[in-house]
Structures are given as C-alpha cells and as structure tokens.
Amino acid sequence: MPEFASQAWFDAFVLQINGSDHYREVASDWEGDIAFRIMAEPDRGVHEDIFGYLDLWHGECRSGKVITSSEAGSAAYTIAAPFSRWKDVVQGDLDPIKGMMQGKLRVRGDLPTIVRYVKAANELVRLTGMVDTVFQDER
C-alpha cells in the first residue's frame with residue numbers, strides 16, 4: 001500500500017480520478033490546478049511539510065505528483081492543513097468544504113469557485129478513500 005501523499009499514492013489517486021465517470025460529469029467545466037500542503041506533525045511521523053499537486057482540467061486529472069514548496073505557489077488553488085486534518089478528510093471524518101469554511105483547511109484561491117464545485121470536491125474526497133493508503137502514523 002502506498003504511503004499517504006507519496007508519489008505512488010498520487011499515481012493511484014490519478015487513476016481513481018480518471019476512472020470516475022461521476023467526477024468527469026460533475027467537474028466537466030472545472031479549470032484549475034490545486035496544490036496541497038500537508039503540514040508536518042513530527043509526533044505523527046510526518047517530519048516535514050509535504051506538497052502535492054493535481055492538474056485538474058474539465059473532468060480529467062492530467063497529472064498528480066509530489067512537488068516542492070516553491071512549485072506549490074504557482075497553482076491556482078492551495079489548500080493547507082496539518083497531516084492529522086488531511087487524514088480526517090481522506091477517511092471521511094471531515095467534509096472538505098465545511099473544513100474550508102471553518103478554517104480547518106486554509107485555502108488560497110477563489111473560495112466561492114471551489115464552493116460552486118462542491119460535488120466535484122466531494123467526489124475527489126470519496127476517490128481518496130478508494131486508494132489503498134497507509135498513513136505515516138500507522139506504520
């Protein structure tokens with residue numbers, strides 16, 4: 001099983017996204033790439049920030065990968081949260097839109113646009129749950 005937010009994990013996630021007819025439908029007019037910042041929590045096995053990236057375009061994921069912090073700055077949207085918060089999202093314990101509205105997930109970019117695509121966001125989260133994942137604090 002790939003470790004959460006590793007390159008192998010992003011590769012598996014991209015396959016899930018591109019295999020989802022539902023995502024293709026609900027994100028058919030979405031344009032924008034997203035960077036994810038998984039903030040370090042050394043007591044949970046995440047010793048430095050991890051940055052990930054999805055190039056999402058009209059219902060397709062053109063690429064997904066681990067990136068550097070400097071690369072994250074060029075994405076249209078950046079969502080940042082501590083590792084444990086991301087784990088809650090992936091496991092379905094935290095709705096990402098509610099998390100953004102409550103400040104549990106920090107967003108850079110046009111939040112109203114993200115909120116308009118709540119079905120696409122929810123499908124992406126559902127698809128993360130389809131990726132066999134081992135979390136850093138469960139090794």
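Helices (H or I, at least four residues) and strands (E, at least two) are DSSP runs, numbered from the N terminus. The model is a predicted one, in which local features need pLDDT of at least 70 and side-chain atom pairs count only at pLDDT 80 or more, while totals for chains, interfaces and linings use all residues. Residues are numbered from 1 along each chain as its sequence is written, and side-chain values use heavy atoms, with hydrogens and water left out.

Val 26 lies in helix H2. Its relative accessible area is 16%, so Val 26 is buried (buried means under 20% relative accessible area, exposed over 50%, partly exposed in between, with a 1.4 Å probe and protein chains only). Leaving aside residues up to four places away in sequence, Val 26 touches Tyr 117, Lys 119 and Ala 120, where contact means heavy atoms within 4.5 Å. The C-alpha atoms of Val 26 and Gly 59 are 7.2 Å apart, although 33 residues separate the two along the chain.

Thr 113 belongs to helix H6 (residues 111-116). Thr 113 counts as buried because its relative accessibility is 12%. With residues up to four places away in sequence again left out, Thr 113 touches Trp 30 and Tyr 77.

**Helix H7 and its packing**

The axes of helix H1 (residues 7-18) and helix H7 (residues 118-128) come within 9 Å and cross at roughly 125°. That angle makes H1 oblique to H7. Axes are lines fitted to C-alpha atoms, for helices over the stretch in contact, and angles run from 0 to 180 degrees between N-to-C directions. Angles under 35 degrees count as roughly parallel, over 145 as roughly antiparallel, 65 to 115 as roughly perpendicular and the rest as oblique.

From H1, the contact is made by Trp 9, Phe 13, Gln 16 and Ile 17, and from H7 by Leu 124, Leu 127 and Thr 128. Sorted by class, the contact of H1 with H7 has five nonpolar, two polar and no charged residues (Ala, Val, Leu, Ile, Met, Phe, Trp, Tyr, Cys and Pro count as nonpolar, Asp, Glu, Lys and Arg as charged, and the others, Gly among them, as polar).

The buried residues in H7 are Ala 120, Ala 121, Glu 123, Leu 124, Val 125, Leu 127 and Thr 128. Buried residues of H7 pack against H1, helix H2 (21-26), E2, helix H4 (83-90) and helix H5 (96-101).

**Salt bridges**

A salt bridge is a side-chain nitrogen of Lys or Arg within 4 Å of a carboxyl oxygen of Asp or Glu. By this rule there are nine salt bridges, including those in the table.

| Pair | N to O distance |
|---|---|
| Glu 41 and Arg 44 | 4.0 Å |
| Arg 44 and Asp 137 | 3.2 Å |
| Arg 126 and Glu 123 | 2.9 Å |

A network of salt bridges links Glu 41, Arg 44, Lys 87, Asp 137 and Glu 138.

Arg 126 and Glu 123 are three residues apart in helix H7, so about one helical turn separates them. An α-helix has 3.6 residues a turn, so residues three or four places apart point the same way. Arg 126 is partly exposed, with a relative accessible area of 44%, while Glu 123 is buried at 4% relative accessibility.
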